[in-house]
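Try each task before you read its solution.

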Amino acid sequence: MGYLIGVTVLWAFSFSLIGVYLAGQVDSYFAVFLRVALAAAVFLPFLRPALLRGRQRLVLMALGAVQLGVMYIFFYQSFLLLSVPEVLLFTIFTPIYIALLDDALFGRFTPFYLLTAALAVLGAAVIRYQGLDGGFWAGFLVVQGANLCFALGQVGYRRFSATLPESLPRHSVFAWFYLGAMVVALPAFALLGNASALPTTGVQWGVLLWLGLVASGLGYFLWNLGATRVDAGALAIMNNALIPAGLLVNLVIWNRDADLPRLALGGAIIVGSLVLNEWWLKKRQTAMA
């Protein structure tokens with residue numbers, strides 16, 4: 001859980017950094033390509049190819065292609081269609097996708113996970129619900145594409161990691177994850193990118209370096225590592241903890257308007273869903289002992 005909380009704090013800055021400094025100013029396909037390339041550069045020095053078989057490498061690359069490559073393409077496009085608060089709002093369905101996909105991949109059905117995930121969605125909706133105009137559907141669908149890719153990547157990595165020896169150092173193979181994302185990001189930039197909309201200021205380059213080396217490079221490794229050490233309910237809930245964290249960063253640093261009572265109420269519901277999930281998990285473990 002510590003990894004997930006730490007990365008949540010780290011990623012809380014990403015929404016506003018993208019919305020303020022990159023969206024509509026820097027080509028989104030270039031931003032995706034550079035983030036993935038920088039993240040890969042962080043882990044390539046640690047790569048030990050002999051630790052995984054050929055099929056395992058392909059699986060890890062496929063997970064990176066979906067969770068990072070395709071997800072980022074959807075994610076960056078959403079900022080061209082929606083405001084930062086709307087993007088945050090539309091991410092609230094990710095916990096439900098995680099709960100359903102995790103049960104599907106592990107061959108089970110756990111109704112309680114859907115309950116706690118639904119409570120997390122409710123908390124996020126309390127925080128971010130606002131009037132939406134009639135043209136929001138395209139943006140909504142784009143964000144749902146990103147949500148599904150992110151959820152599938154997390155659950156898939158949980159499933160994949162469970163097949164590996166516990167003694168295997170995960171950082172020594174994780175470069176395959178980013179190389180898989182590169183398989184998507186590089187052709188997307190080459191075919192769809194706009195070379196005339198590259199970064200032009202030091203701030204834009206600095207933001208991309210931060211997002212690539214830290215938010216993506218360090219963040220996705222620790223997040224996926226954390227995802228293997230909690231149950232599906234906690235993972236689903238933590239996906240929505242990013243919303244109050246992101247809004248607090250937006251309020252404190254960029255002085256954007258925020259409804260503090262709703263922020264507090266929604267955050268309390270999300271925390272309550274996490275506490276409920278932990279209580280149920282401990283009760284189930286006690287009953288099985």
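**Exercise 1.** Decide whether asparagine 224 is buried or exposed.

*Solution.* Start with the cut-offs: with a 1.4 Å probe and protein chains only, buried means under 20% relative accessible area, exposed means over 50%, and partly exposed lies in between. Asparagine 224 has 0% relative accessibility, so it counts as buried. Helices are DSSP runs of H or I with at least four residues, strands are runs of E with at least two, and both are numbered from the N terminus. Then list its contacts (heavy atoms within 4.5 Å). Leaving out residues up to four places away in sequence, asparagine 224 touches Gln67, Gly153, Gln154, Tyr157, Phe174 and Phe177.

The model is predicted; local features need pLDDT of at least 70, side-chain atom pairs need pLDDT 80 or more, and totals for chains, interfaces and linings use all residues. Numbering starts from 1 along each chain as its sequence is written, and side-chain values use heavy atoms, without hydrogens and water.

**Exercise 2.** Find which residues tyrosine 220 contacts beyond its neighbours within four places in sequence.

*Solution.* Tyrosine 220 is then in contact with Trp11, Gln67, Leu68, Met71, Tyr72, Phe150, Phe174, Phe177, Tyr178 and Ala215.

**Exercise 3.** Describe the protein as a whole: how many helices and strands does it have?

*Solution.* Count the elements: twelve helices and zero strands. Now check burial: 54% of the 289 residues count as buried. Finally, take contacts with a separation of 6 or more: residues 24 or more positions apart account for 91% of them.
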